[in-house]
Amino acid sequence: MKKLLACAALLVASPALAAPPPIESDGYRLVWSREFDTDGRPDPDTWTYERGFSRNNELQWYQEDNAFIEGGSLVIEARRERVRNPGYRPGADGWRQKRRYAEYTSSSLTTRESREWLYGRFELRAKIDIRPGMWPAWWTVGRARAWPGSGEIDMMEYYRGMILANAAWKSRGGDRWSAEWDSVRVPVEDLAEGSPESWADEFHVWRMDWTEDAIRLYLDGELLNEIDLSETINPDGSNPFREPHFMLINLAIGGNNGGDPSETEFPARYEIDYVRVYQRDADASEGAGG
């Protein structure tokens, strides 16, 4: 599997300038975008929300109140606040049921009920919090079957000092949750001209180019990972990356990968300037959703 990592140390942080207008190039045209220009609640015709405890032993309680549009950005705000868990069961073994309270809240927005895409160019311009415990992400999942056979594309993921560019599908061995991963990790300190903190104070552009043959994941115009879709085959012979996916944008806290947030000052913010989807005409005819 081809990995283009040699350029990672040369990646330069992009300045926190005003968002560029949508540009149609390489045969792509803009088919969908959310620019977050009007303060208030995110568009309910586009976004639904995950609720409660979700996955990965994460610490946050997902709720709608932590997502809002302010100053031209979608803000997902993580807070240190106690929320009672109505699913608590004394003596339970499950990680969701055995917690009487959540000690943090955040939001996870999804287009699951409104929009799916098959192929295209996806862009997100955002500023992420890289302090301990933070786990922001922008990703897609299919619906044709249960995870990981549904496929997962991590267009942007950060935790514990690393930027990740990943895809996952069902492994041919192992248990029900066993996944095959094609993953690249790049330390933030390799991306920053100055310090990781100064890099995190700026907006950056994450991009995916997704075709029938490959998924290419970029950060600030530099290719991080190229995934050959001839190799992403589930045990049942299906290929989840030749099927429509919906989008998620979330800020998780702690859990299996996020690290320890106990010494981090809250609130924490994940700020999204825009999210855009471009397609070529042939791809758009194969897309799904409205």
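Visitor: Let's begin with the whole chain. How many helices and strands does the secondary structure come to?

Guide: Four helices and 19 strands. Keep in mind that the model is predicted. Along the principal axes, its C-alpha atoms fill a box of roughly 55 × 45 × 40 Å.

Visitor: Why does the radius of gyration of the chain agree with that of a compact globule?

Guide: A compact globule of 290 residues would have a radius of gyration near 19 Å, and the chain has 19 Å, so the two agree.

Visitor: Next, pockets. What is the idea behind finding one?

Guide: Rolling a probe the size of a water molecule over the atoms shows where empty space is left. Here, the largest pocket holds about 770 Å³ of space.

Visitor: Which residues lie nearest the centre of the largest pocket?

Guide: Arg-55, Asn-56, Trp-139, Trp-147 and Glu-152 do, out of 34 residues in the lining. Several elements give two or more residues to that lining: strands E10 (134-142), E11 (152-159), E12 (162-170), E13 (179-187) and E17 (245-253), together with helix H3 (255-258). E10 supplies the largest share, five residues.

Visitor: Now the backbone. What should I look for there?

Guide: Most residues other than glycine have a negative phi, and most peptide bonds are trans. Let's take the peptide bonds, then phi.

Visitor: Where are the cis peptide bonds, then?

Guide: One runs from Trp-147 to Pro-148, with omega near 5 degrees. Pro-148 sits in the loop between E10 and E11, and Trp-147 is among the residues nearest the centre of the largest pocket. Another cis bond joins Phe-266 and Pro-267, where omega is about 5 degrees. Pro-267 is found in the loop between H3 and strand E18 (268-279).

Visitor: What is Trp-147 or Pro-148 in contact with?

Guide: Trp-177 is one partner: leaving aside its neighbours within four places in sequence, Trp-177 is in contact with Trp-147 and Pro-148. Trp-177 belongs to the loop between E12 and E13. Its C-alpha is 9.1 Å from that of Gly-149, a residue 28 places away in sequence.

Visitor: Is Trp-177 buried or exposed?

Guide: Exposed, because its relative accessibility is 53% and the cut-off for exposed is over 50%.

Visitor: Which residues have a positive phi although they are not glycine?

Guide: Phe-36 is one of them, with a phi of about 60 degrees. Its place is the loop between strand E1 (29-34) and strand E2 (48-49). Asn-57 also has a positive phi, about 55 degrees, and lies in the loop between E2 and strand E3 (60-62).

Visitor: How do I read the accessibility of Phe-36 and Asn-57?

Guide: Buried means under 20% relative accessible area, and partly exposed covers the range from there to the exposed cut-off. Phe-36, at 6%, is therefore buried, while Asn-57, at 31%, is partly exposed.

Key
Residues are numbered from 1 along each chain as its sequence is written. This is a predicted model: local features need pLDDT of at least 70, side-chain atom pairs count only at pLDDT 80 or more; totals for chains, interfaces and linings use all residues. Side-chain values use heavy atoms; hydrogens and water are left out. On a 1 Å grid over the protein atoms alone, a cavity is a set of points where a 1.4 Å probe fits but cannot get out, and a pocket is an open set with protein on both sides within 12 Å along at least five of seven lines; lining residues have an atom within 4 Å of a point. Grid points are joined across faces, edges and corners, and a volume is the space filled by probe spheres set on the points. The radius of gyration is taken over C-alpha atoms; the globule rule is 2.2 Å times the number of residues to the power 0.38. Buried means under 20% relative accessible area, exposed over 50%, partly exposed in between (1.4 Å probe, protein chains only). Contact means heavy atoms within 4.5 Å.
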